[in-house]
Amino acid sequence: MTFQSNIRRTSSYQSVQKNSHVLSANPYDLVSILFAELRDSLDAMIESAKRNDHGKMFEFRAKALGILNGLDESLDFEAAGDLAQTLHTIYREAGRRIQAEVGVSFIEKAESAREMLHEIEKSWLAIAPGR
């Protein structure tokens with residue numbers, strides 16, 4: 001068995017494990033999973049930008065924006081009112097920073113978006129059911 005096939009097998013196992021976790025998750029856990037995926041995507045996007053690997057950077061940026069859009073679309077404005085509106089505003093601003101033109105201040109803007117979203121993630125985890 002080659003090294004590459006071991007990597008593919010491990011990656012495949014991790015994907016199956018993640019998919020089964022998602023399928024068995026309740027709505028609270030699904031949002032937690034989305035925040036973790038968003039954080040990982042932003043970290044990878046920023047690291048790729050620091051290495052000037054624009055292909056990977058754009059790939060991770062697209063993934064992060066897709067997750068962020070999903071979080072935004074899941075907001076229940078009727079039930080959550082002002083909180084939903086506040087989150088919508090934060091998500092929109094984070095998205096604007098993530099989509100900033102690649103250049104001198106791109107990494108700084110992306111890092112600030114990551115920090116904004118990490119604060120929301122920490123708050124979400126703090127209100128975990130059963131805590």
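Predicted model: local features only at pLDDT ≥ 70, side-chain atom pairs only at ≥ 80, totals over all residues.

Analyst: Trp124 has a relative accessibility of 26%, so it counts as partly exposed; that label covers the range between buried (under 20% relative accessible area) and exposed (over 50%), using a 1.4 Å probe and protein chains only. Residues are numbered from 1 along each chain as its sequence is written, and side-chain values use heavy atoms, with hydrogens and water left out.

So how do the two rings sit? A pair of aromatic rings is described by the distance of the centres and the angle of the planes. The structure holds one aromatic pair. In it, Tyr28 and Trp124 are stacked, at 4.9 Å centre to centre with 15° between the planes. For the cut-offs, rings of Phe, Tyr and Trp (its six-membered ring) pair if their centres lie within 6.5 Å, and planes under 30 degrees apart count as stacked.

The pair also ties together distant parts of the chain: Tyr28 belongs to helix H2 (residues 27-50) and Trp124 to helix H6 (residues 106-126), 96 residues apart. Helices here are DSSP runs (H or I, at least four residues), strands are E runs of at least two, and both are numbered from the N terminus. Zooming out, the chain has six helices and zero strands. Of its 131 residues, 30% count as buried.

Methods: Phe/Tyr/Trp six-rings, centres within 6.5 Å; stacked < 30°, edge-to-face > 60°.
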